[in-house]
Amino acid sequence: MYQDKDLTNVPASEFRDAILRHLTYTLAKDPGHAQIYDWRMALSFAVRERIVDRWIASTRATYAKGAKRVYYLSMEFLIGRLLEDAIVNLRLEEQAEAAFREFGIDLDTVVTDEPDAALGNGGLGRLAACFLESLSTLGCPAYGYGIRYEHGLFRQSFVEGRQMEAPETWLEQPHAWEFERPEARFEVGFGGDVSENGARALWTPAEAVHAEAYDTPIVGWQGKWANTLRLWSAKPIHAFDLDRFNRGEYAAAAEPEALARTISRVLYPDDTTEQGKELRLKQEYFFTAASLRDILRRFCSEHDDLRKLPAKVAIQLNDTHPAIAGPELVRLLHDEHGMAFDDAVEAARGTLSYTNHTLLPEALERWSEGLMGRLLPRHLTLIERIDAAHAKANPKRKSTALAEGHVNMGELSFIMAHKVNGVSALHTDLMKSTVFEDLNALHPDRIVNQTNGVTPRRWLLSSNPRLSGLITETIGEGWVDDADRLQELEPHVEDAGFAAAYAEAKRANKADLAHWMAEAHGVSVDPQAMFDVQIKRIHEYKRQHLNILEAIALWQEIRDNPDANWTPRVKIFGGKAAPGYVFAKKIIHLINDVAEVLNADPVTSPYLKVVFLPNYNVSLAEKLIPASDLSEQISTAGKEASGTGNMKFALNGALTVGTLDGANVEIRDWVKPENFFLFGMTAEEVVARRAIKDHAGQAIKADPRLARAIAAIKEGAFSKDEPDRFHDIVENLSGPDYFLVSSDFTDYWRAQREIDTAYRDTAAWTRMAALNTARSGWFSSDRTIRGYMQDIWRATSLL
């Protein structure tokens, strides 16, 4: 067991002096002239130096024990701001508060000056960030590997209701948490030719870039262990052509740098063009290849037999983005290290495992053989050999890695992994019966379930100090790294004093959010109203258009009968649509146009408002989730793999309105059906309903409210300057409606009116909310990571 000094026991004066030391000697500023940026950087460096002590000690302990390492490969790591996270995990809150009181500066202003790291978009990236923090909390030696995006996905704004995209600028200022590692540099090639060299092949790429490492330490609870997030930045082999510059070709002289940096500039570049597809595949190979070379370098520094790789290395592929790891690892073992092909495949399979995150066929990546052969010619040949070997071993198989001129990355990931996991119980069962039915029959022990989780340090302790303070006061601090202990709250739920304190924490959080929305966005809302929140990536299957359709129908009903006993409600949306996803961007535009009409209506606005907050990110989620009353988890059943937002909301006492989809099923099981508002068809009923001809038309005919709401959109009630603006949405809802918005509308309306009634009983609602918190501890990412360590990685803790 690894032991070291307690990094959390820091005298306040010592910590204050460390801040001042960095202000003076790292930033060259004196206190009288320092700006908020300077104070934030000085504080960050003072916290970081304490993390570095543990980081180095953790690395030494891993080498000393010869421990197995876990490597988590992900296109996204949505880590958000790190300063507050680090202060909380090191238990430096009191020391930081004391120091900045002495300096006469508001600590919150300093902490919130940090920009969100633009390294992800949604649940995939936030899950990866939670996992890294839990790996450190549990003392499991691990690295996260990804790309250091200069401009992230995009910064979202709205112009006349339309989504506008601009580059993120998080790296315009130095990033206090990263360490550049120029010695960790690998050449990554593309294109070129392959020549045979005996039993092996020699790949000579036509172009290449350097992958240069930037390391960020990720510290766990109480600073007992720290792991590494290593991000790769693309750099040119030759940065500058002096000869061309001297000939006056100034732009051309810098072209190599510009082309190389393209690879690590933007997350998920628009792939509706061939150039976009090529860049996507380049990105995926770039970070995967660099990561695997780094992993093998580290392994070979300790061991001399690559056949031991599965015993010392576990590589987790987070979705299909790093699926090229299979053939790339085989290439490295076979072509570069001389291992026999069959042995290389077995070693790679024993090392790799794959997390599937989607049942949507279009989201299981496919690359044309032409693109793969042009960009990665050796890998296409290896994929053919891997697929042929699998076909020979399984002559009755139907699924293939190569089909119809494409490489199927989901099937390739399955074939090259020793374990494949789903991320909720329902999702895992559906994987076995849908996308991987054939492969599961061939390999019945390969698919396992690991239901997602979220770190309670970030998503309750840090983001909701009022509620977490009440919890600690009631049951002690042990819940922070043992979230199952939240169940100890249950006996207190019936206590009037506890219930009052719980309700007051929510009320104060809502007042803070209302104040911020008024100041930052000019939107005035009543904190006494129900805060009804849907924050997630904009996609048809997540059904934000079902939510806004119900808002339109409710608006119409209130206008018809304004003196009825309406429950005041504020519908809050947040999320980005992919730049090339036209329909999702139309949904955003519709929500904003509806909001403009509803919020200006003097009859209905006291009872119903709609707000779409721009540029949804981790920091915005940390504002919204603690203040939410209702969590909208309304995806079409069978389409959401798990979700993690649903867990964060439940943990913070927001009640869920949702379908039996993803982890909603397990949340409902844990919090109990009476504390969850269920609606909609099951996954089986969805399939049956979709088979009915004109299912949408029948649903509209059967529900006058639905018909009237759709008619209002069609007639231009929210777009008088362009009545047919939302023609595509209307046609979809009335016709194919693949995600069954119209068919689920009536039951959604029924559930929402039950919610209205329940919210009016303040005591009963508070009890339901508190039980959600008490019963959501199972959804900690610590539990999830323990499952991976035991069932997939065979890794152990060094704490």
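Reply: Let's start with a word we'll need: buried means under 20% relative accessible area, exposed means over 50%, and partly exposed is in between (1.4 Å probe, protein chains only). Keep in mind that this is a predicted model, where local features need pLDDT of at least 70, side-chain atom pairs count only at pLDDT 80 or more, and totals for chains, interfaces and linings use all residues. Residues are numbered from 1 along each chain as its sequence is written, and side-chain values use heavy atoms, with hydrogens and water left out.

Me: Is Y145 buried or exposed?
Reply: Check its relative accessibility, which is 0%. That value is under the 20% cut-off, so Y145 counts as buried.

Me: What kind of aromatic pair do Y143 and Y145 form?
Reply: Rings of Phe, Tyr and Trp (its six-membered ring) pair if their centres lie within 6.5 Å; planes under 30 degrees apart count as stacked, over 60 as edge-to-face and the rest as tilted. Y143 and Y145 are 5.8 Å apart centre to centre, with 15° between the planes. Y143, by the way, is buried too, at 14% relative accessibility. The pair Y143 and Y145 is stacked.

Me: And what about the rings of Y72 and F131, which kind of pair are they?
Reply: Both residues are buried. Helices (H or I, at least four residues) and strands (E, at least two) are DSSP runs, numbered from the N terminus; Y72 lies in strand β1 and F131 in helix α6, so the pair ties together parts that are 59 residues apart in sequence. The centres are 5.8 Å apart and the planes are at 75°, so the pair is edge-to-face.

Me: How many aromatic pairs are there by this rule?
Reply: Some of the rings link up into a cluster, made of Y71, Y143, Y145, F186 and W232. The count of aromatic pairs comes to 28.

Me: How many disulfides does a search of the whole structure find?
Reply: A disulfide is a pair of cysteine sulfur atoms within 2.5 Å. Take C140: its sulfur is 16 Å from the closest cysteine sulfur, in C130, so that's too far for a bond. C130 is buried at 1% relative accessibility, and C140 is buried at 0%. For the whole structure, the search finds 0 disulfides.

Me: At what angle do the axes of α29 and α30 cross?
Reply: Axes are lines fitted to C-alpha atoms, for helices over the stretch in contact, and angles run from 0 to 180 degrees between N-to-C directions. Helix α29 covers residues 695-702 and helix α30 covers residues 704-714, and their axes come within 5 Å. The crossing angle is roughly 105°.

Me: Which word describes α29 relative to α30?
Reply: Angles under 35 degrees count as roughly parallel, over 145 as roughly antiparallel, 65 to 115 as roughly perpendicular and the rest as oblique. That makes α29, relative to α30, roughly perpendicular.

Me: Which residues does N664 touch, not counting those up to four places away in sequence?
Reply: N664 sits in helix α27, and it is buried with a relative accessible area of 2%. Contact means heavy atoms within 4.5 Å. With those close-in-sequence residues left out, N664 touches Q633, N646, G658, T659 and F676.
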